[in-house]
Amino acid sequence: MPAKSVKIVQISDMHLNPANEPEPAHFLAIRDRVNDIGPAHVVITGDISGDGFEPQNEGMFDALAKIFQTFNAPVHVVPGNHDVGNQPSAMVTTTEALLNHWLKTFPDRFSVTCETWQLVGLNSQIIGNTMPHAVEQVSWLAKEIEKAKANHKHVAVYQHLPYYFYDEREQFGW
């Protein structure tokens with residue numbers, strides 16, 4: 001089936017901190033432009049915060065979730081390294097505790113149908129991690145792709161980091 005044209009807006013790396021600026025001017029400009037475009041969905045692919053995983057930033061994700069409600073379309077968010085830490089071997093590696101902090105407010109993955117498309121968002125920060133949540137994401141993704149195939153949907157995958165830059169045999173995206 002041919003892909004039907006739909007408007008999806010993807011935003012990444014806003015690095016917001018509502019404690020410093022409750023309604024950041026750059027976010028309001030982005031929000032107004034996105035609302036003018038009138039997309040079917042808004043996908044935010046990580047780094048919504050400036051280190052939201054830090055203990056002093058408790059409540060930041062709840063404040064950002066309220067700000068995101070001002071979009072005129074459904075919003076789907078996946079975390080970035082400034083939200084939940086990073087892949088193994090990074091300075092701040094994603095742990096269950098950092099991930100659970102995020103999960104109090106946002107899911108770390110999503111799958112939604114939009115016309116002839118299946119929009120899938122992944123938590124790229126746990127790729128290569130051995131925590132149970134990371135292992136479960138791989139089987140979840142396989143099931144989502146199978147469902148999309150069975151329903152004749154095209155699949156668009158969103159995440160903060162790429163799986164690889166030059167060669168699919170690379171171990172991690174960064």
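Biologist: How many bridges pair strand 4 and strand 5, and in which sense?
Modeller: Strand 4 and strand 5 pair over 5 bridges, in the antiparallel sense. Two strands count as paired if DSSP finds at least two bridges between them. Helices (H or I, at least four residues) and strands (E, at least two) are DSSP runs, numbered from the N terminus.

Biologist: Before we go on, what sort of model is this?
Modeller: This is a predicted model: local features need pLDDT of at least 70, side-chain atom pairs count only at pLDDT 80 or more, and totals for chains, interfaces and linings use all residues. Residues are numbered from 1 along each chain as its sequence is written, and side-chain values use heavy atoms, with hydrogens and water left out.

Biologist: Back to the pairing. What stands opposite threonine 113?
Modeller: Glutamine 118, in strand 5.

Biologist: And what order do the strands of that open sheet have?
Modeller: The order is 4-5-6, an open sheet of 3 strands with mixed pairing. Strand 4 and strand 6 are the edge strands, each pairing on one side only. From one strand to the next, the twist averages 20 degrees.

Biologist: Which strands does helix 5 lie across?
Modeller: Helix 5 lies across strand 4, strand 5 and strand 6, and runs at about 175 degrees to strand 5. Axes here are lines fitted to C-alpha atoms, for helices over the stretch in contact (heavy atoms within 4.5 Å). Angles run from 0 to 180 degrees between N-to-C directions.

Biologist: New topic: glutamate 115. Where is it found?
Modeller: Glutamate 115 is in the loop between strand 4 (110-114) and strand 5 (117-121). Glutamate 115 has a positive phi of about 60 degrees, although it is not a glycine.

Biologist: Where is histidine 152, and what is its phi near?
Modeller: Histidine 152 is in the loop between helix 5 (132-150) and strand 6 (154-158). Its phi is near 55 degrees, a positive value in a residue other than glycine.

Biologist: Why does histidine 152 count as exposed?
Modeller: Because its relative accessibility is 55%. Exposed means over 50% relative accessible area, buried under 20%, and partly exposed in between (1.4 Å probe, protein chains only). Glutamate 115, at 41%, is partly exposed.

Biologist: OK, helix 1. Which residues are buried there?
Modeller: Phe27, Arg31, Val34 and Asn35 are buried in helix 1. Seen down the helix axis, the buried residues fall within an arc of 100 degrees, so they line one face of helix 1. That arc is taken from the directions from the helix axis to the C-beta atoms.

Biologist: Why do residues three or four places apart point the same way?
Modeller: An α-helix has 3.6 residues a turn, so residues three or four places apart point the same way.

Biologist: What do the buried residues of helix 1 pack against?
Modeller: They pack against strand 1 (8-11), strand 2 (41-45) and helix 2 (60-68). The face turned away from the buried side carries the exposed residues Arg33 and Asp36. Just after helix 1, glycine 38 takes a positive phi of about 70 degrees.

Biologist: Last one, isoleucine 8. What does it touch?
Modeller: Not counting residues up to four places away in sequence, isoleucine 8 touches Pro39, His41, Val43, Cys114, Leu119 and Tyr158. Isoleucine 8 is in strand 1. The C-alpha atoms of isoleucine 8 and leucine 119 are separated by 9.5 Å, with the two residues 111 apart along the chain.
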